[in-house]
2 protein chains.
Amino acid sequence: MNAPAELERVFQHIRETALLEATQALLEWDERTGLPSMAGEYRAEQITQLSGMIHERKIDSAYSQRLTSLHENLESLGLNFAQASSIRLLYRDFQRNKRLPTSLVQAISKACVLGQQAWEKARHQDDWKLFKPHLEEIMKLKREEAQLLADGGNLYDALLDQYEMGARSDSSKPGQGRASTDQPAASQGANLTDVFAKLRDALRELLTQLKGSKNPPTGASWKTPVDVEKQKSINLWAAKSIGYSFDRGRLDETTHPFCTTLGPNDCRILTRYDREYFPTAFYGTLHEAGHGMYEQGLPTDWYGLPAGKYAGLGVHESQSRLWENMVGRSESFWLWATDKIAAQTGGAWNNMKPRELFRDANLVSPSLIRVEADEATYNMHILIRFEMEQRLISQELSVGDAPDAWNERYQHYLGVTPPNYSDGILQDVHWSAGLVGYFPTYTLGNLYAAQLVQAAKRDLGDLDAMFQKGEFVPLLEWLRHQVHAHGASYEPAELIRNACGRPLDHQPLVDYLRQKLFKVYEI
Amino acid sequence: MNAPAELERVFQHIRETALLEATQALLEWDERTGLPSMAGEYRAEQITQLSGMIHERKIDSAYSQRLTSLHENLESLGLNFAQASSIRLLYRDFQRNKRLPTSLVQAISKACVLGQQAWEKARHQDDWKLFKPHLEEIMKLKREEAQLLADGGNLYDALLDQYEMGARSDSSKPGQGRASTDQPAASQGANLTDVFAKLRDALRELLTQLKGSKNPPTGASWKTPVDVEKQKSINLWAAKSIGYSFDRGRLDETTHPFCTTLGPNDCRILTRYDREYFPTAFYGTLHEAGHGMYEQGLPTDWYGLPAGKYAGLGVHESQSRLWENMVGRSESFWLWATDKIAAQTGGAWNNMKPRELFRDANLVSPSLIRVEADEATYNMHILIRFEMEQRLISQELSVGDAPDAWNERYQHYLGVTPPNYSDGILQDVHWSAGLVGYFPTYTLGNLYAAQLVQAAKRDLGDLDAMFQKGEFVPLLEWLRHQVHAHGASYEPAELIRNACGRPLDHQPLVDYLRQKLFKVYEI
């Protein structure tokens, strides 16, 4: 075997597949930024066509033979670390992909495009019926996918593994869904059910303590309306200030904020604006800019290959939550930002105080909407979805019963009941897009973010003193070096352990929240 | 042969190709609406990849065998008109496409993406050097393409034929560039050199007559600035008012206005705004909306197939120029629109008079910029490009000498000399996008538009009385019936002859201009 030539052919095949994937990402970005109302069906056909082509390329026989041969001889080829880990991960993906017939991949792709369009409409009209048949179809197809992937193991974990390699929900049977992968058992990630339970208990205790505050924040600062056009320029400024590059990205408007990558130098972020409530867009932007800065920090030379790709969705979310919360909701951030934003509001923020913005940005109040939840209750929203999607996949819960189950859990965990579908089960895009097993990565992201900030402080010293001067480069450079530069060469659990010097742990997040919120609540 | 099954397979192949073409159109639309500055190179790779796939599909051997067999037996298959004309045109396209190697198609595609990016920058910086090497490369590749297509015939006509089937520049050797197509000689379109010469002479006479006016329009109405945000909503309203559907389209901003189709229900238009000069955006929008309404009027069931496609670029341009000029610059239009626009300008148009807007909208003045030229001098701009691109392709003129040749011709035909490149040879996107042989279709469009309006008046009566009441539906319905519904089933020359009852003729345009401009100039 001519190893360098074979390696180049495998990588070239993947790079060409990545070109198509970037094109598919544009079809999807455009669908969510302003597709004409009647154009949805044809767009679904376009996406279906590309997803089929992409899948065919992933299971192409000449490619897979080369890949298998490289993988079998991996130890003897003298590859560097990025090359070897890329081959390992490509082989792992191939093992998964070859289990899925193209017809199923295309059916899921089409159901999800139509599902998202139906979700958008159902949410707008608060009409669950419009979405229910789509969700039934999507869950049926995702179950079929899980059965093919799990090979007799836990169905939910087979889906979860796509978003966070090595994670599992089922503590009784470790790793059973991944028997066919070449993942060494030692590197398997945490048991989510356990870590979620510990976190839940600690957060409950914290919430009880906060209730004892004699002077809680009021949220009054956010009641000042700011013109949407002014908000738009403030958000551009804020994303740029923390380090998101507009030479390689853009900020647009959509219903459900997201971040998407369309090429090595094209990572786009989207937010939504509310004239009456400034934080909706602002924290949406900081969050998505955090995702975007991770993508912008990945090695462009490796674009499309595992060594140039994000390590997992938990790590991705750690970057967004870090910039949104650990930075954007810190007192030092507001000491720096208040005057600068006030100058751009046309007078609306004339009497705004950094301390009050800081306190109001951290007001804790059990609520209905995940994306607007405070940091102390946010993970309860995730827990609800984590429990429900496990039961939807296992068919312990039917789609028809899901709205009631949703509302019961909200009452149980958060003490609130949605008054309608739009603020209840229809609030998230994920299930309509086939993203089942994705939600837990949000909580993993919060946990990782707290661990990373703790480690960055260890290495860089007083981060707050930097934020107060608007100096975000040192933290970004640290993240570039510790996290971004490695792409997916390490498994998420290992990447975080290397950066932080310790494995996944709920304690740093709990400590961070206690410290900040006791200050906010003057306890 | 199982003809219905074979026909369906051929049509299905083309429909799937059209899906990819729609995706490529999105890549290009997005490139021109807000691609991040560093993302151009990767976008070029994406477009190159798709253009290669599309070309491969067009010359696919199973497809071409089926198509050839259907074409050979066309008379005996009992197909309906739309089916038969689609097979005829697909075969004709295939005969062209198979002459072009995929490597050349991809090379042109890539050169044009990079060319457009370079043009954008060169125009912005008024730096011809930035664009010159790109134009040299593009002209070299287009010449290569023309040589392969012309098969010994006239090179320029081989390119022209792609945009206006049957048209030719070379009166001495009729149709020589199309020897290999199955086009019957009888249906060949007009000789452009001849018709352009007649038009040029008539327009020169008209221009001389206008100079004798004692009370020419001043253009003062357009000197009132209107906020860009207000212009945006006025333009949305105007496009909607004349019949462009926003359920199947959208209006965006770009450097060089255009219209593009991304699916049967997704035809997008773009314009550019100038706070100081209202007509830039307004007539840009009416023009592109005219293109868009044509696309929106094509039979959606036939999307992707010839029977669902525009008949040619001359016909396309006739639709845009008809709505821009024959409607949007008529006195009756302004009698209807003035108050309605004034109400949306926030006071800026408080004292605006319909008669003055009408007169100022028709001010004739030889100028530098084609897209801002009045109707009487516009075709001189086209004549310049028509002459220059013939000489660039035949190598009588080098790219290096082109700016001087441009400026000399502007002095000769219009009496003006560009003070810089941006307002001279760098003003149009076309050559940077490989569109050589495209410009003459603009003049054809003007000629066809005047013929169509003459015929519509014959069938519908007093159009001006309708415009004055804001009734544009009857004219649009007439165009839908006479032009849009037929797709490309008829050749352009035949389609226009059927609708108007007479062949291509410069006289209706000259008559229309004389009638309107004598009124404007009070002669």
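This report walks through a predicted model with chains A and B, taking the pairing of the chains, then a helix pair, then the domains.

## How the two chains meet

Let's start where the chains touch. On the chain B side, 27 residues are in contact, and they meet 27 residues of chain A. Three elements of chain B each give two or more residues to this side: helix H1 (3-34), helix H2 (40-58) and strand E1 (249-253). H1(B) gives the most, with eight residues. Sorted by class, the side of chain B that touches chain A has 11 nonpolar residues, along with eight polar and eight charged ones.

## Two copies, one turn

Now for how the copies are arranged. Turn chain B by 180 degrees, with a shift of 0.0 Å along the axis, and it can be laid on chain A with an RMSD of 0.0 Å. The two copies are therefore related as by a two-fold rotation axis. Both copies use the same surface for the contact, too: 100% of the contact residues of chain B recur in chain A.

## A helix pair in chain B

Next, pick out two helices of chain B: H9 (residues 228-242) and H10 (residues 278-297). They pack at an angle of about 30 degrees, and their axes are 9 Å apart. An angle under 35 degrees counts as roughly parallel, so H9(B) is roughly parallel to H10(B). The crossing of H9(B) with H10(B) is right-handed.

If you'd like to find the contact in the model, look on H9(B) for Gln231(B), Asn235(B), Ala238(B), Ala239(B) and Ile242(B). Their partners on H10(B) are Phe278(B), Ala281(B), Phe282(B), Thr285(B), Leu286(B) and Ala289(B). Across this contact of H9(B) with H10(B), eight residues are nonpolar and three are polar, with no charged ones.

## The two domains of chain A

Over to chain A, where the domain assignment gives domain 1 (3-166) and domain 2 (194-520). Taken over C-alpha atoms, the centres of these two domains of chain A are 26 Å apart. The contact between them takes 46 residues from domain 1 of chain A and 45 residues from domain 2 of chain A.

How values were computed. Residues are numbered from 1 along each chain as its sequence is written. Chains are lettered from A and ligands numbered from 1 in the order in which they are written. This is a predicted model: local features need pLDDT of at least 70, side-chain atom pairs count only at pLDDT 80 or more; totals for chains, interfaces and linings use all residues. Two residues are in contact if their C-beta atoms, placed from the backbone, lie within 7 Å. Helices (H or I, at least four residues) and strands (E, at least two) are DSSP runs, numbered from the N terminus. Ala, Val, Leu, Ile, Met, Phe, Trp, Tyr, Cys and Pro count as nonpolar, Asp, Glu, Lys and Arg as charged, and the others, Gly among them, as polar. Copies are superposed by least squares on the C-alpha atoms of residues with pLDDT of at least 70 in both. Axes are lines fitted to C-alpha atoms, for helices over the stretch in contact, and angles run from 0 to 180 degrees between N-to-C directions. Angles under 35 degrees count as roughly parallel, over 145 as roughly antiparallel, 65 to 115 as roughly perpendicular and the rest as oblique. A crossing is left-handed if the near helix is turned anticlockwise from the far one by less than a right angle, and right-handed if clockwise. Domain bounds come from an automatic or database domain assignment.
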